[in-house]
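Dear colleague,

Please find below a structure that I am handing over to you, together with its sequence. My notes on what was found in it follow.

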Amino acid sequence: MSSSRFNGITATQNAPRSASELEELLKYDVKVKVAGIDVDGVLRGKYMSKEKFLSAASSEGFNFCSVIFGWDLHDTVYSKELLISNRANGYRDLIASIDLATYRRIPWDNNVPFFLVSFLDPDTKEPICADPRSVLRKATATAQSQGWRCIAGCEYEYFQFKETPESLSKKNFKDLQPLTPGMHGYSLLRTQLNNDYFNELFDESLKFQVPLEGHHTETGPGVFETALAYTDAMRMADNAILFKFLAKSIGMKHGIVPSFMAKPWGNLPGCSGHIHVSLRDAHGKSIFAVPEDQLKNGRPNAQYQDTRFLSQEGEWFLAGILAGLPDVLPMLVPTINGYKRLVGGEAFWAPNAVTYGYDSRAASVRIISPPSVPPSATRLEVRVPGADMNPYFALSAIFALGLRGIEKKLSLPGPPVSQLTQEDKKAGKVKMLPQSLEAATERMMRVESVAREQSVFGNDFVDHFGGTRQHEVRAWNEAVTNWEVERYLELA
């Protein structure tokens with residue numbers, strides 16, 4: 001059975017459509033692995049007996065403890081009681097609804113069958129407000145109502161260390177050994193040092209139905225960059241989260257820890273999680289592409305030269321992203337460390353302002369259009385997220401804002417980045433993004449925040465997710481860092 005679309009997602013190859021197909025698929029298995037995603041993008045799951053799984057798949061689902069939405073990525077209960085899971089409701093169970101379209105087998109884990117789940121409220125049977133897969137499903141529903149498909153591709157940059165979880169703990173995460181020394185972007189030579197690991201990442205991804213487009217070294221000691229093959233937004237988010245799981249699992253076999261932390265080193269470029277997006281109609285044609293008769297001179301009513309080969313809908317979509325970007329920044333940059341990547345700005349290819357430009361890697365949003373690509377490849381690259389993003393929330397933010405821009409027919413806020421100067425920045429003509437998770441969370445949680453609009457994320461989500469980010473900020477504010485000790489212990 002080839003891959004197809006159902007349940008609003010491009011299904012994996014051989015994904016079952018019925019109970020009988022599912023039973024046939026699992027005929028020789030004794031157990032199944034399942035997982036859902038928490039707000040930090042951590043996979044939370046378990047093994048189930050085949051009998052229990054089949055029973056759950058034929059009903060609403062199975063019970064799963066809600067505490068995964070009541071604690072942080074280190075399993076510390078949130079300092080502030082939040083909506084979904086708390087002491088008052090006893091950290092009750094949620095319903096984990098199995099998505100059969102996500103079927104695949106884990107090649108490095110005895111080929112065990114694997115499925116993703118979404119989480120529902122046990123009383124209403126509706127998706128909980130912060131379930132990542134449900135948030136993205138809501139964000140793309142507007143496009144589907146127009147007969148459009150949300151298309152996306154993600155790229156990850158990530159460091160590799162010659163370490164294990166045990167050695168990280170023993171070293172207190174200090175003096176870690178990079179997989180390879182030096183700065184060697186796009187090096188064919190450096191991959192020969194760890195050829196089995198490098199190739200296994202690519203080959204196992206294909207077996208795991210997480211297809212890749214590119215895989216190479218990037219600038220930095222032990223840095224790789226991997227581009228995932230574009231597909232619809234939900235399948236891309238699934239693939240992105242599962243690629244991290246794959247990389248870390250394969251790394252364990254080779255005594256390597258891949259890290260998707262946004263900025264592991266202060267004096268080196270950080271790790272990006274760039275996202276490419278577009279819209280397509282029912283026939284697969286790009287909504288962002290200009291018609292054939294405009295390919296020579298561009299769209300006559302374009303606001304700026306940089307958008308002349310972007311359709312009117314594409315320009316509105318771009319304007320929507322730019323208008324709401326400062327209000328949804330925690331969705332793209334969810335960690336304390338992520339903002340360290342942005343502080344360096346243009347010096348490290350990390351945009352820290354509300355900017356855009358044609359084929360510009362200095363901008364927050366890069367326009368990729370003719371003449372550099374064919375019309376069918378017209379798209380936008382959002383360069384703000386780091387590799388530590390939760391891809392479901394990042395894609396949700398981008399598509400919700402872009403579709404809002406189309407609905408409201410928003411205008412671009414100003415000229416492209418190529419027309420801006422340092423004087424413009426000093427004069428306040430360039431809108432800067434919040435420079436810390438604390439500032440970004442405060443902005444997102446304002447009453448007038450675009451994020452609070454029901455067509456974007458709504459109050460319930462903003463209050464819950466914002467509360468989790470406030471918890472992260474509090475943990476950071478209470479921490480005493482090595483930098484502080486080294487700077488003040490002796491001389492203060």
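At 2% relative accessibility, Phe-461 counts as buried (buried means under 20% relative accessible area, exposed over 50%, partly exposed in between, with a 1.4 Å probe and protein chains only). Please note that this is a predicted model, in which local features need pLDDT of at least 70 and side-chain atom pairs count only at pLDDT 80 or more, while totals for chains, interfaces and linings use all residues. Residues are numbered from 1 along each chain as its sequence is written, and side-chain values use heavy atoms, with hydrogens and water left out.

Aromatic contacts

The structure holds 25 aromatic pairs (rings of Phe, Tyr and Trp, the last by its six-membered ring, pair if their centres lie within 6.5 Å; planes under 30 degrees apart count as stacked, over 60 as edge-to-face and the rest as tilted). In one of them, the ring centres of Phe-393 and Phe-461 are 5.2 Å apart and the planes stand at 80°, so this pair is edge-to-face. Because Phe-393 belongs to helix α10 (residues 391-408) and Phe-461 to helix α13 (residues 458-478), the pair ties together parts that are 68 residues apart in sequence. Helices (H or I, at least four residues) and strands (E, at least two) are DSSP runs, numbered from the N terminus. Phe-393 is buried as well, with a relative accessible area of 1%.

Elsewhere, one aromatic cluster is formed by Tyr-156, Tyr-158, Tyr-197, Phe-198, Phe-224, Phe-243 and Phe-260.

Charges over rings

The charged end of Lys-31 sits over the ring of Tyr-47, 5.4 Å from its centre (this requires NZ of Lys or CZ of Arg within 6 Å of the ring centre and within 35 degrees of the ring normal). Arg-104 lies over the face of Phe-208, at 5.5 Å from the ring centre.

Backbone features

The peptide bond from Pro-370 to Pro-371 is cis, with omega near 10°. Pro-371 is located in the loop between β15 (365-368) and β16 (379-382).

Which phi does Asn-172 have, positive or negative? The phi of Asn-172 is positive, about 55°, although this residue is not a glycine. Asn-172 lies in the loop between α4 (165-170) and α5 (195-207), and is exposed, with a relative accessible area of 54%.

Lys-409, also not a glycine, has a positive phi of about 50°. This residue is placed in the loop between α10 and α11 (422-426), and Lys-409 is exposed at a relative accessible area of 54%.
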